[in-house]
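Dear colleague,

I am passing on the structure below, followed by some notes on what was found in it. Please read the notes with the coordinates open beside you.

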Amino acid sequence: MTAKVIDGKAFAAKVRAQVTEHVARLAEQNGIQPGLAVVLVGEDPASKVYVKNKHASTIEVGMASFEHRLDASTGEAELLALIDQLNADPKVHGILVQLPLPAHLNSELVINRIAPAKDVDGFHISNVGLLGTGQKSMVPCTPLGCLMMLRDHHGSLAGLNAVVVGRSNIVGKPMAQLLLGDSCTVTIAHSRTKDLAEVCKRADILVAAVGRPEMVTGDMVKPGATVIDVGINRIERDGKNKLVGDVHYESAAAVAGAITPVPGGVGPMTIACLLANTLTACCRANGLEEPKGLTA
Ligand SMILES: Nc1nc(=O)c2c([nH]1)NC[C@@H]1CN(c3ccc(C(=O)N[C@@H](CCC(=O)O)C(=O)O)cc3)C=[N+]21
């Protein structure tokens, strides 16, 4: 079998088009423009590229983008003061603090300072708790994007065996919660899991979010399964820089029923969902109806 390729880039374009339409309607009917503030501390080159892309996509859908670039040596008090200022700013509906932060800053403290209603990353402990108890929350962008692609491909996910490889707070854990919310039977596997290949092979839905290049290979995939590759790893091969996922694409695609590529899979959906979350936050802040199909 050769897997169907799930085109995250095309899917993300559709999501952004929906967001654009809704943003235009908000301007016309309510005179409101959703705004996203992105805070970048330091000079990490990968982070700079992400922040630039986020800024461009925000403008493209008609939202206001507020960029705050702070020096790598910025102190905790200064960063917290900026977050307080953004929390209080009515033009800002979403706040994202780019991670990782420089080592001298406590990211838990910083993230939990963001007003939960503006936490478009869904990383605040309040949003984590709301998601875990099935209440309305802001949902982390990467798992939300994965969920949208899975629902689109499968229709209902009820009763399917889902295995999430990786237990991070930003992907693995919220992904597991979302799959459980859609009535999958969920297993969270990780680096210490015994017989990882055997566990993965039971999955109808296999989500790889371990951060290890090409770790999930075809022999770990159940024939016909849907494979979602969350990994973004820059490696050098044959003297060239290459972007690969956490899945060994060739061998997995030979066995899977459907698979997301890297690049062009989960990554573009993450940014589209950030915009969707900003729109959702703006609608909630103004007591307006939320966009349909753009939330969990
Ligand atoms: N507070 C916070 N929220 C985040 O959502 C967040 C973050 N910090 N820190 C860094 C990670 C990484 N991340 C990506 C988003 C899009 C692509 C993406 O669009 N990737 C493209 C191409 C990437 C390329 O060519 O480099 C693709 O996969 O096709 C990748 C990675 C969001 N992150």
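A polar side-chain atom of glutamine 98 lies 2.9 Å from a nitrogen atom of the ligand, a polar contact being a pair of N or O atoms within 3.5 Å. A backbone N or O atom of valine 97 is likewise placed 2.9 Å from a nitrogen atom of the ligand, while a polar backbone atom of glycine 267 is found 3.4 Å from a ligand oxygen atom. Of the 670 Å² of accessible area that the ligand has on its own, the protein covers 76% (Shrake-Rupley method, 1.4 Å probe).

This is a predicted model, in which local features need pLDDT of at least 70 and side-chain atom pairs count only at pLDDT 80 or more, whereas totals for chains, interfaces and linings use all residues. Residues are numbered from 1 along each chain as its sequence is written, and side-chain values use heavy atoms, with hydrogens and water left out.

The shell around the ligand draws at least two residues from each of helix 2 (45-60), strand 4 (94-97) and helix 10 (266-285), and helix 10 gives the largest share, 4 residues; helices (H or I, at least four residues) and strands (E, at least two) are DSSP runs, numbered from the N terminus.

Turning to helix 7 (residues 172-181), the buried residues include Gly172, Pro174 and Leu178, where buried means under 20% relative accessible area (1.4 Å probe, protein chains only). Just after helix 7, serine 183 adopts a positive phi of about 65°.

With best wishes

Definitions and conventions: Buried means under 20% relative accessible area, exposed over 50%, partly exposed in between (1.4 Å probe, protein chains only). A polar contact is a pair of N or O atoms within 3.5 Å; within protein, one must be able to donate a hydrogen and the other to accept it, and residues adjacent in sequence count only if both atoms are side-chain atoms.
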